[in-house]
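Please open the model in your viewer and keep the sequence panel beside it. The stops below each name something to select and then describe what is found there.

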Amino acid sequence: MTVEERLAAKEAEVQAQLEELTGAQEGHARAALARCLGESEPLVVDRSTAVTAHESLGRLLEEVRLARTRLVEGSYGRCAVCGGPIPEGRLGARPWATTCLRHG
Ligand SMILES: [Zn+2]
């Protein structure tokens, strides 16, 4: 799988999770999530958990999209802060990484 394919797959995956999460804020899916977390105050905890998850997924989606843009522009693999190379191991684990270890 090429980097481009991995990024495209990741973008689709995160987007699907975001949509699922949005839907999960209504109805039984929401209660199921609360039960799954074992919380005694499902509505309160569930809402903040969902918001937090939504925020981090949203950030991840932005990162993946940015990485795809950088791939097209030719700046992929270089730190957005210092311009230095992003270690291959980091890109292997997080192909959407746009900063080096120091600036991540
Ligand atoms: Zn850097």
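Predicted model: local features only at pLDDT ≥ 70, side-chain atom pairs only at ≥ 80, totals over all residues.

Residues are numbered from 1 along each chain as its sequence is written, and side-chain values use heavy atoms, with hydrogens and water left out.

Switching to a surface view, the accessible surface comes to about 6800 Å², of which 55% belongs to carbon and sulfur atoms, as given by the Shrake-Rupley method with a 1.4 Å probe, only the protein chains shown counting as cover for residues. Of the 104 residues, 29% count as buried, where buried means under 20% relative accessible area, exposed over 50%, and partly exposed in between (1.4 Å probe, protein chains only).

Next select residues 79-103, which an unreviewed UniProt entry annotates as "zinc finger region: dksA C4-type"; such annotations may be inferred rather than shown by experiment. This stretch is 24% helix and 0% strand, and its end C-alpha atoms are 8 Å apart.

Now select the zinc ion, which is coordinated by Cys79 (SG), Cys82 (SG), Cys100 (SG) and His103 (ND1) at 1.9 to 2.3 Å; donors are N, O and S atoms within 2.8 Å of the metal (3.2 Å for Na, K and Ca), and sites may look incomplete because water is not among the atoms. The four donor atoms subtend angles of 100 to 115°, which makes the arrangement tetrahedral (four donors, all angles between 85 and 135 degrees). Along the chain the donors follow the spacing C-x2-C-x17-C-x2-H. Cys82 lies in the loop between α3 (42-73) and α4 (88-93) and His103 in the segment after α4, so the pair ties together parts that are 21 residues apart in sequence.

Finally, select Thr99, in the segment after α4, which is buried with a relative accessible area of 14%. Leaving aside residues up to four places away in sequence, Thr99 touches Cys79, Ala80, Val81, Ile86, Arg90 and Gly104, a contact being heavy atoms within 4.5 Å.

Conventions
Helix = DSSP H or I, 4+ residues; strand = E, 2+ residues; numbered from the N terminus. Tetrahedral: all angles 85-135°; square planar, octahedral: opposite > 155°, others 65-115°.
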